[in-house]
Amino acid sequence: MTGRTLIILGAGGDLTRRLLLPGLDGVLAQSEADDHPEPVELVGVGHHAMPQDDWRKQVRTALGSGPLRDAVVQGTRFEEADATEPDALRRLLEAAEHPPILYFALPPAVTEHAVEALRGVDLPPGTRLALEKPFGVDGASAARLNAALAQLLPESRTFRIDHFLGLATVINLLGLRFANRALEALWSAEHVERVDIVFDETLALEGRAGYYDGAGALVDMIQSHLLLVHALVAMDAPASIEADDLHDAMVEALARTRVSSDPATSSRRARYTAGDVEGRSVPDYASEEGVEPDRGTETLAELDLEVDAPRWRGVPFTVRSGKALGSPLTELRLTLRPVDDRPRGLRGDQPPAVVRIALMPERLSLDLDINGAGDPFDLDRVRLEAEFGAGQLSAYGEVLSGILNGDDTLSVRGDLAEECWRIVEPVLEAWRSDDVALEEYAAGSAGPEGWSTR
């Protein structure tokens with residue numbers, strides 16, 4: 001059996017403990033049901049040393065019991081190494097028992113240096129690279145990173161990770177749109193008045209100032225995640241859901257997407273002040289530990305887009321994400337146009353009907369107007385709802401499964417990453433020039449008054 005060696009660079013960080021190891025647990029549990037599960041060697045790597053017992057305890061806590069998982073725990077080890085040094089990377093790769101997967105759980109600037117260091121290393125046969133988002137810190141650095149990666153490995157062995165593509169609801173978008181005549185028939189400018197993609201969190205900074213204060217909501221969520229959801233919403237049907245066909249359709253949708261009119265009038269930004277969220281006190285963002293107030297980092301961003309394609313011409317798209325808001329809202333929302341010619345005598349004015357696809361928890365709802373229970377000619381609003389079946393794997397489990405099995409369908413192709421940066425860069429430039437005011441909202445509120453999506 002071939003097996004794989006998973007080498008996590010930056011394994012001492014929160015990402016490994018909270019997401020990667022639990023995701024790996026699901027993949028290994030699924031593999032244990034296979035007649036011939038392939039062995040997995042797990043190697044944690046950090047810039048600072050970690051006692052082997054502490055690392056093994058962390059892995060044991062994350063992985064359940066089973067023959068494959070027990071073997072992973074027994075064989076795992078932690079290495080102290082500088083991921084930007086060619087000799088350190090060479091040593092890690094040479095020590096791998098199986099064809100290695102280098103997983104870059106590192107900040108984007110460090111990842112870029114580590115990839116450059118790999119150019120001086122002979123990669124073992126079957127090597128795969130997995131990189132966490134964001135890819136680069138702007139469009140130019142993303143292009144440089146992609147060029148460096150292309151010199152190392154074919155695109156099919158380079159996995160850019162966006163766990164949003166592993167969310168059950170996001171994957172379900174493909175089936176919902178293209179396997180259901182009723183929804184696909186609605187999915188165009190003829191029937192849709194506007195589209196909103198919202199990911200509002202009640203979580204505040206939660207100790208992530210080291211990364212978040214240099215990124216903000218626009219880069220951390222919209223550029224990194226929600227524009228890929230937008231691509232799945234806006235694209236035309238791919239020839240298949242194999243990686244190349246799916247990614248081609250997504251790139252085409254993003255290439256046709258741009259900020260509506262002037263970036264200064266098509267974007268909004270704000271950050272939270274002190275308040276209460278779900279019974280807990282949240283301090284002013286500017287006073288959070290590790291924050292540099294003068295940076296003017298936004299914790300809530302909203303962006304108006306348009307898609308220059310016949311299917312969507314004239315339909316506004318709004319993408320929004322924020323932190324420390326009063327209630328979570330994570331959904332794709334299609335607001336439908338009113339019917340063209342309602343017969344006289346049907347009474348009752350209802351707000352526009354909406355198709356909602358909730359990302360967390362996974363749910364679909366559709367508004368309908370029907371004859372009421374009283375006067376049969378009075379229209380009442382009802383909502384049809386259906387819950388999606390939960391995926392067998394978590395979002396990180398899905399993407400890790402793809403990496404271990406060599407299936408790059410749920411990874412982000414290089415040109416996709418560059419298109420995401422192209423879309424947001426005019427907005428970032430307008431914000432750096434202070435052409436857009438940094439508004440404020442109290443933690444626990446719905447955001448500033450007058451914003452369009454809540």
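Trainee: Let's start with Asp369. What is its relative accessible area, and what does that make it?

Mentor: Asp369 has 37%, so it counts as partly exposed. Buried means under 20% relative accessible area, exposed over 50%, and partly exposed in between, using a 1.4 Å probe and protein chains only. One caution: this is a predicted model, so local features need pLDDT of at least 70 and side-chain atom pairs pLDDT 80 or more, while totals for chains, interfaces and linings use all residues. Residues are numbered from 1 along each chain as its sequence is written, and side-chain values use heavy atoms, without hydrogens or water.

Trainee: Which residue meets Asp369 in a salt bridge?

Mentor: Arg381, at 2.6 Å from N to O. A salt bridge here puts a side-chain nitrogen of Lys or Arg within 4 Å of a carboxyl oxygen of Asp or Glu. The pair links distant parts of the chain, 12 residues apart: Arg381 sits in strand E17 and Asp369 in strand E16. Helices (H or I, at least four residues) and strands (E, at least two) are DSSP runs numbered from the N terminus. Arg381 is partly exposed too, at 23%.

Trainee: How many salt bridges in total?

Mentor: The count is 42. Glu112 with Arg144 is one, with the closest N and O atoms 3.1 Å apart. Glu112 is in helix H5 and Arg144 in helix H6, so the pair ties together parts 32 residues apart in sequence. Glu112 is buried at 17%. Arg144 is partly exposed at 46%.

Trainee: And Glu419 with Arg422? How far apart are they in helix H13?

Mentor: Three residues, or about one helical turn. An α-helix has 3.6 residues a turn, so residues three or four places apart point the same way.

Trainee: New topic. How big is the largest nonpolar core?

Mentor: It has 110 residues, and Leu9 and Phe104 have the most contacts inside it. Such a core is a set of buried Ala, Val, Leu, Ile, Met, Phe, Trp, Tyr and Cys residues joined through side-chain atoms within 4.5 Å. Helix H10 gives the largest share, 13 residues. Apart from this core lies another, of 31 residues, including Ile8 and Tyr396.

Trainee: What does Leu9 touch beyond its sequence neighbours?

Mentor: Leaving out neighbours within four places, its contacts (heavy atoms within 4.5 Å) include Val45, Ala83, Leu89 and Phe104.

Trainee: What about pockets? What is the volume of the largest?

Mentor: About 1,400 Å³. A pocket is an open set of points on a 1 Å grid over the protein atoms alone, where a 1.4 Å probe fits, with protein on both sides within 12 Å along at least five of seven lines; lining residues have an atom within 4 Å of a point. Volume is the space filled by probe spheres set on the points, which are joined across faces, edges and corners.

Trainee: What lines the largest pocket?

Mentor: There are 45 lining residues, with Leu15, Arg18, Leu19, Arg208 and Tyr396 nearest the centre. Helix H1 supplies the largest share, six residues.
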